[in-house]
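Please open the model in your viewer and keep the selection panel at hand.

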Amino acid sequence: MLGELLQMIAEGEVSMYPSIAHRLNISEGLLEEMLDHLKHDGYISQTNNECSGKGCAVSCKTCSVSTIKAAGSKIRTWVLTDKGIKTVNTHINYGKQIS
């Protein structure tokens, strides 16, 4: 499940916690714990509500993050660290589980 979450981050998916939790079939609390775990272990880093430019496949005009920001909502966005990128490339793409 951590691998699937890393893959979602790698693909630049931007979603609200309820959508991500629903897709992974977990609670928002567990999602938060998983993100904290990945951050603690150095796979992801939080961007502090600023676009990172890493892996973005859409323009700012169509980005759901910019829409959320414009509405004044506080959000957290995540990007893969070098360790996370290496993990996705070597483990997930070869069907191995991330522990």
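For the packing angles below, axes are lines fitted to C-alpha atoms, for helices over the stretch in contact, and the angles run from 0 to 180 degrees between N-to-C directions. Keep in mind throughout that this is a predicted model.

Begin by selecting helix α2 together with helix α3, which spans residues 28-40; the two pack at an angle of about 95°, and their axes are 9 Å apart. Angles of 65 to 115 degrees count as roughly perpendicular, and α2 and α3 are therefore roughly perpendicular to each other. Now show the side chains that make this contact, which are Tyr 17, Pro 18, Ile 20, Ala 21 and Leu 24 on α2, and Glu 28, Leu 31, Glu 32, Met 34 and Leu 35 on α3. Sorted by class, the contact of α2 with α3 has eight nonpolar residues, two charged ones and no polar ones.

Eight of the residues in the contact of α1 with α3 are nonpolar and one is polar, with no charged residue present.

Then turn to helix α1 (residues 2-10) with helix α2 (residues 17-24), whose axes come within 11 Å and cross at roughly 135°. That angle makes α1 oblique to α2, and the crossing of the two is right-handed. To see the contact, select Glu 4, Leu 5 and Met 8 of α1 along with Ile 20, Arg 23 and Leu 24 of α2; by class, four of the residues in the contact of α1 with α2 are nonpolar and two are charged, and none is polar.

Finally, select Tyr 43 and Lys 83: the lysine, Lys 83, lies over the face of Tyr 43, at 4.6 Å from the ring centre.

Notes: Residues are numbered from 1 along each chain as its sequence is written. This is a predicted model: local features need pLDDT of at least 70, side-chain atom pairs count only at pLDDT 80 or more; totals for chains, interfaces and linings use all residues. Side-chain values use heavy atoms; hydrogens and water are left out. Helices (H or I, at least four residues) and strands (E, at least two) are DSSP runs, numbered from the N terminus. Angles under 35 degrees count as roughly parallel, over 145 as roughly antiparallel, 65 to 115 as roughly perpendicular and the rest as oblique. A crossing is left-handed if the near helix is turned anticlockwise from the far one by less than a right angle, and right-handed if clockwise. Contact means heavy atoms within 4.5 Å. Ala, Val, Leu, Ile, Met, Phe, Trp, Tyr, Cys and Pro count as nonpolar, Asp, Glu, Lys and Arg as charged, and the others, Gly among them, as polar. A charge sits over a ring if NZ of Lys or CZ of Arg is within 6 Å of the ring centre and within 35 degrees of the ring normal.
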